[in-house]
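The sequence and the structure are shown first.

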Protein chains: 2
Amino acid sequence: MLEDEQSSEKRKRMSCGLYTSCPASLKTALQSAFDFGFHFIITQITHPNYSRNLDGPNVPYIIGRTDRILKGNEWNRLIVGELTTSLDVESEVSHIRSNDKKILEQELGFASHLGIPAVLLHLSKPKNVQLSRIINDKLVSGFSYGVWVQIPMVHPSNYSPIAETQHDSWDWWNDFRIHCDYDKRVGLVLELPDVRHVPSVDEIERWIGEPVKALVIQASYFLINQYGKPVLSKVHQEIIKKFMTIDVQYIIHLDIEGDFSLYVKYMNFLGKKLYCCDTMAEFVQGCEDYLQNPLQPLTEHLETNVYEVFEKDQIKYDTYQKAIHDALEHWTGDHVPVVMVVGAGRGPLVQAVLNVCKLLEKEVKVYAVEKNPYAVNTLAERVKREWGSQVTLIREDMRTWQPPELADILVSELLGSFGDNELSPECLDGAQRFLRPETGISIPKQYTSFIAPLQSLKIYNEIRNSRLPDKTLKQCLETPYVVHLANYQQLADSQPLFVFDHPNYTKNGQNPDNTRFKSLRFPPAKKHCVLTGIVGFFEAVLYGEVTLSTNPRTHTPDMVSWFPIVFPLAAPVQVKEGDIIQISFWREESVDKVWYEWCLESPIKTPIMNPNGRSYHIKKH
Amino acid sequence: MLEDEQSSEKRKRMSCGLYTSCPASLKTALQSAFDFGFHFIITQITHPNYSRNLDGPNVPYIIGRTDRILKGNEWNRLIVGELTTSLDVESEVSHIRSNDKKILEQELGFASHLGIPAVLLHLSKPKNVQLSRIINDKLVSGFSYGVWVQIPMVHPSNYSPIAETQHDSWDWWNDFRIHCDYDKRVGLVLELPDVRHVPSVDEIERWIGEPVKALVIQASYFLINQYGKPVLSKVHQEIIKKFMTIDVQYIIHLDIEGDFSLYVKYMNFLGKKLYCCDTMAEFVQGCEDYLQNPLQPLTEHLETNVYEVFEKDQIKYDTYQKAIHDALEHWTGDHVPVVMVVGAGRGPLVQAVLNVCKLLEKEVKVYAVEKNPYAVNTLAERVKREWGSQVTLIREDMRTWQPPELADILVSELLGSFGDNELSPECLDGAQRFLRPETGISIPKQYTSFIAPLQSLKIYNEIRNSRLPDKTLKQCLETPYVVHLANYQQLADSQPLFVFDHPNYTKNGQNPDNTRFKSLRFPPAKKHCVLTGIVGFFEAVLYGEVTLSTNPRTHTPDMVSWFPIVFPLAAPVQVKEGDIIQISFWREESVDKVWYEWCLESPIKTPIMNPNGRSYHIKKH
């Protein structure tokens, strides 16, 4: 009836650019690139013959092609400008350095005049500090274009028989972008290596944690298949497939003549062939690296939309139903079992209990306890029309409700992305008053949070650039975010952090202690990398062998309800190969709130983040 | 070749909503509204039979329809929720006030739960202070929906034979939104009056200065034409036409049965028939009420895109060509006349001079003086390929250039939206050194800025909500903006402010004094209104009778190069009928900058805005 939701195309759109160094006519070159199916071109914007000398009174008037050959909206959408590659602004010879700097600044000024979306520069040696200064000055003074930094994915020195030093091109890039203060406008263009020199899986993962704008593919890498069409080898396809999780473009570098449209067609074909579109991929489309604030369900009523998203995850509720099924099947009491769903929302777990009753042909008394009056409105309608008197509806907070009888099974879904971060421990501790002692069962029975060190400059920049009306930048940088990570590298396997069990009876009947502390050491870093934060997951035991997990190693297949949680650091930390990352983490509590604090103990000590929960805490009321 | 620029449709898209107070099935009502062609519906979200008593222990569980009847993305796009009209939160009786407040808050909470885009409430009496407090609390605590405030465009008391007081419904609205601190989420829904009681032109103009979200049209206002189809009278069409300059929607209030699709079809027809799509309307589409910073052409090089937009205004260059034509035709010197285009950009005025030479078959020596090296790059190519040696190209600042000869005619296009605000006076004073004394001509010869008092809460909110990294809110509120005004009311005819003449020789040969001051009094206000700022225009004499104007009274037809300039006030000022608005305005200057200061002298005194140019100034270098 209403406008259809956009059907998610089961393919990756492949944006392809054509590299053409200095065509006779730019207009014609652009036209033919479009005819071949390319989306943009990369070309030099100043003519190599012009303006090589900028000193003295007779500076030439002509810098490059006239801007009138293209329309403004062609310049600013379709042209990436390659800066002259022969300039040496790092030269030890002062007048060369000075002259080349002037030419470079003229080219950057001209790029700004044309309004092109990006300039492309090459890093060809380890030291690029002058170049980074020139670029950083322009970025800070508000030039609006992107800066694409091109380097080989694998530096030739790594397989040259005569190279004395083996360079890691990632180091050149890393130094350059550090000098540019990790500006999000500075991106990477990686040259795909030839098939004999492909990088390791670890190396590729590190690249995927970087802001890669494009991959450059030499036309000569294409093989000719039995139908005479250009194709890429399996080895190259594997690399491209890995980069599909982030939004890269493809630059075809043509050094031969031919029907170039076949190259673009082939890339589009790869977009269909290699794109892995499972339930998860479909569900998360469009929310890659998007920061969400964790919910505060104890202080704010959840809304229709949120409940609706929860309820879409069939895998999660099937798993819950399995756990309820096993618990009721094993139940050996001599009365009609009482199942209380605490935090019933709009009723998916109530429905799961009723489904089990039907399957087991067992009589069960069900309570649905919910404090949100607007969700109770929905539950009331379901009791009236679907469930009948088998379900007793209670509009109360589980922590204070005085029930008329004890529960044999307490079912809840209070877990957040970090397990305990939506105060499941505090809520269930409050509810265990009315769980039958000795035999009472809580579903879930146990949950454990996990953490791992994270590199994501993308998330760091998202946080830096988020302008929240009621938070300072410093506060934003010590607040956790729920986020579907795409442009990131997990720097080690996750390790278990905090464990919570339910029910959790204490000796003296006092409230259980839900504060925690742990310090975790991760194995030595395999490569240089940048630590920008901590990523968190959870594993939960619902009942017996029935579990839920968002931890990558044990992730429940196709379950989409939770994205990871990210705890940022105040600034990126450089990690050298062999460095040990050690993280200390606290869960703290006061009368009205719960919060986390965290810090780095190695490779450097950092200030403790979020002291007293000053920037982020979960309110109890 | 490239993606086509979107062809601007020569019609206004008419978004129509259907009012249906309490249908038996919302799903069915929505379906049939869509079948008729409506885009959304307005309906009560809580059932009038439910939850009327919220005190005591047995508060009912059911508030309204269950949220599960629609999907989340139906609730949040297609439903405007009408609040119960019978509530009286202003009651003098404490328990009524208290009970009705609880019910209202429950409805507002339920609206938030459903995620609907807007709630609709009616103002039915002059005093609404309790209601505004309840709404304002919700707005400040972050409820995300809009609040649509419905009132009659003309209050019935104005034509009732028995009414003792004549109410102006604008006052009710104005009080309400003042209490809500002019929040931009609070909008107006105006009930179209019947044909016998239409408002005056002044009254309609005042409404157009308000955030009108929708017009309500009673189905009974439709006449049946000779083909049996519903149509609106000319009188109603005239009103609707006026509202088309702002983005309003139309709510059809049906109290009869019939084929409602004809109403929607007719509204779409009006969108085509009444929409006035002239050159200006086409050019400005999409930039209504969008804030732009005035250019700083003396400190920042203009870019390709900016030149391109300039050059599109054929009317402006035709007018310049006419002026140059007349000047050269009247020129009586005995040598080849020297025409210097100062600030030549990419050459449109050079081209105009050459066109005149050809028309008059006259030999002229042309200099093109331009300081932007990237524009000179373009000019050099035009000299080489189009113009030849007739044009001498000079890459210099006109204020410091040492010319080889004197100019007979100096042509420039340095005017900003306020005339002198891009430092045309300072530049031309600098260039008149090389204008031939006594006989030399400057085109333009003279320009005058104009100002008028402005009501635009839209602009006030745009400024308040603009988050600029390097400016505080206070600074944003004393900075002028160039803006195509749409949702505004000009509160009086504009009056002339500052005049500049060229050439401007002083007695002692010193630099002319370009500082100015004037205080302007406007006629008594015809109606209560809200003063939010000052709008500025200019009129220029190019040569003889040839003029350019952006002043509404004398606007050069179809000229699109300049939008008005707006100087804000720090806060909206309430103006009563009969009040005198008096504005004082300064143009000030120091060695390196020029700036304006302004203040209100009546109806209230305000602090002087932008002292020392602290928040905005035009740099000379």
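In this predicted model, one aromatic cluster is formed by F36(A), F222(A), F260(A), Y263(A), Y266(A) and F269(A). Over all chains, the structure holds 46 aromatic pairs; rings of Phe, Tyr and Trp (its six-membered ring) pair if their centres lie within 6.5 Å, and planes under 30 degrees apart count as stacked, over 60 as edge-to-face and the rest as tilted. Two of these pairs are tabulated below.

| Pair | Centre distance | Plane angle | Class |
|---|---|---|---|
| F585(A) and Y596(A) | 6.0 Å | 65 degrees | edge-to-face |
| F517(B) and W586(B) | 5.1 Å | 35 degrees | tilted |

F585(A) belongs to strand 24 (residues 582–589) of chain A and Y596(A) to strand 25 (residues 593–602) of chain A, so their pair ties together parts 11 residues apart in sequence. Strands are DSSP runs (E, at least two residues), numbered from the N terminus. F585(A) is buried at 0% relative accessible area, and Y596(A) is buried at 1%. Buried means under 20% relative accessible area, exposed over 50%, and partly exposed in between (1.4 Å probe, protein chains only).

In chain B, F517(B) of strand 20 (residues 516–521) and W586(B) of strand 24 (residues 582–589) link distant parts of the chain, 69 residues apart. F517(B) is partly exposed, at 46%.

K593(A) lies over the face of W595(A), 5.3 Å from the ring centre. In chain B, the charged end of K593(B) sits over the ring of W595(B), 5.3 Å from its centre. A charge sits over a ring if NZ of Lys or CZ of Arg is within 6 Å of the ring centre and within 35 degrees of the ring normal.

Residues are numbered from 1 along each chain as its sequence is written, and chains are lettered from A and ligands numbered from 1 in the order in which they are written. Local features need pLDDT of at least 70, side-chain atom pairs count only at pLDDT 80 or more, and totals for chains, interfaces and linings use all residues, while side-chain values use heavy atoms, with hydrogens and water left out.

Conventions: Helix = DSSP H or I, 4+ residues; strand = E, 2+ residues; numbered from the N terminus.
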